[in-house]
Amino acid sequence: FRDQGFVDLQEGSGATLTAWPAVVRSGEEVVVSFDSVPNATLDDFIGLFCPSTGTNDTNYIDWMAVSVLTRQKDAPKASGEGVMMLRDTREVCDFRYFTPLRAGGGYAKVATSNTVVFKKGQPLHGHIALTGDITEMRVMWNSNDGVAAPFVAYGTSENSLTDKVQGTSHTYTNTDMCNFPANTSVAKGGGFIEPGFMHEAVLVE
């Protein structure tokens with residue numbers, strides 16, 4: 001769809017688009033519902049935009065055909081709902097509903113949802129590694145929170161986490177990348193998505 005023209009016809013369309021819940025954890029599902037879509041077609045689709053501040057309607061990071069979302073592949077519906085699973089993009093996101101233009105090709109945006117944010121601090125992508133010292137183990141993980149001090153609690157069982165060690169955090173930005181699109185955010189037409197924060201802590205025997 002990206003190489004086709006996009007126009008904004010939200011004003012006066014009467015269509016609505018909502019996403020619930022508005023706060024999610026990575027890997028959770030969001031119920032996306034729409035209503036009063038004018039002249040719906042089987043080629044309509046809903047795009048996911050992160051960040052929601054991006055004004056370029058071709059810069060969606062994911063999309064789903066409405067017929068797939070609603071499991072209604074025989075006839076287009078002006079209203080319906082379905083679920084989409086979201087992975088933490090470290091950004092505020094929204095959904096946008098698009099329908100084909102009748103003449104000249106391209107797509108028209110007829111509705112934009114409320115924003116959806118990811119719960120702060122969820123640890124993701126856990127990894128353990130050796131350090132070169134047999135009495136140590138390095139624990140690494142990723143999250144969207146660079147403010148709270150990272151730590152690891154550990155022990156001989158999950159019910160006896162008697163030891164605790166402070167960790168460190170680091171990240172990188174688009175300015176650390178070399179060329180377009182890597183050094184330009186998605187909101188500005190590039191391909192850079194915030195990586196979040198990488199945390200690590202060394203456990204000692």
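Throughout these legends, a residue is called buried when its relative accessible area is under 20%, exposed when it is over 50%, and partly exposed in between, using a 1.4 Å probe and protein chains only. The structure is a predicted model, in which local features need pLDDT of at least 70 and side-chain atom pairs count only at pLDDT 80 or more, while totals for chains, interfaces and linings use all residues. Residues are numbered from 1 along each chain as its sequence is written, and side-chain values rest on heavy atoms, with hydrogens and water left out.

**View 1. The disulfide between Cys50 and Cys93.** The structure holds one disulfide, defined as a pair of cysteine sulfur atoms within 2.5 Å. The sulfur atoms of Cys50 and Cys93 lie 2.0 Å apart. This pair links distant parts of the chain, 43 residues apart: Cys50 belongs to the loop between β5 and β6, and Cys93 to the loop between β7 (80-85) and β8. Strands (E, at least two residues) and helices (H or I, at least four) are DSSP runs, numbered from the N terminus. The torsion about the S-S bond is about 115 degrees, so the disulfide is right-handed. Cys50 is buried at 3% relative accessibility, and Cys93 is buried at 1%. Cys178, by contrast, is exposed at 67%.

**View 2. Strand β5 and its pairing with β6 and β8.** Five of the five residues of β5 are buried, so this strand is largely enclosed by the rest of the structure. In a regular strand the side chains alternate between the two faces of the sheet. Both faces of β5 are covered, with Phe45, Gly47 and Phe49 buried on one side and Ile46 and Leu48 buried on the other. Two strands are taken to pair if DSSP finds at least two bridges between them. β5 and β6 run antiparallel and are joined by four bridges; Phe45 has Ala65 as its bridge partner in β6. Five bridges, also in the antiparallel sense, connect β5 with β8 (residues 94-100), where Arg96 is the bridge partner of Gly47.

**View 3. The loop between β5 (45-49) and β6 (62-65), with Thr58.** Thr58 is buried, its relative accessible area being 17%. The side chains of Thr58 and Asn56 are joined by a polar contact of 2.7 Å. Such a contact is a pair of N or O atoms within 3.5 Å; within protein, one atom must be able to donate a hydrogen and the other to accept it, and residues adjacent in sequence count only if both atoms are side-chain atoms. Pro51 lies in this loop as well, and the peptide bond from Cys50 to Pro51 is cis, with omega near 10 degrees.

**View 4. The cis peptide bond between Trp20 and Pro21.** Omega for this bond is about 0 degrees. Pro21 is placed in the loop between β2 (16-20) and β3 (23-24).

**View 5. Positive phi at Asn39 and at His125.** Asn39, a residue other than glycine, has a positive phi near 55 degrees. Asn39 is located in the loop between β4 (29-35) and β5 and is exposed, with a relative accessible area of 57%. For His125, likewise not a glycine, phi is positive and near 55 degrees. His125 lies in strand β11 (residues 124-129) and counts as exposed at 63% relative accessibility.
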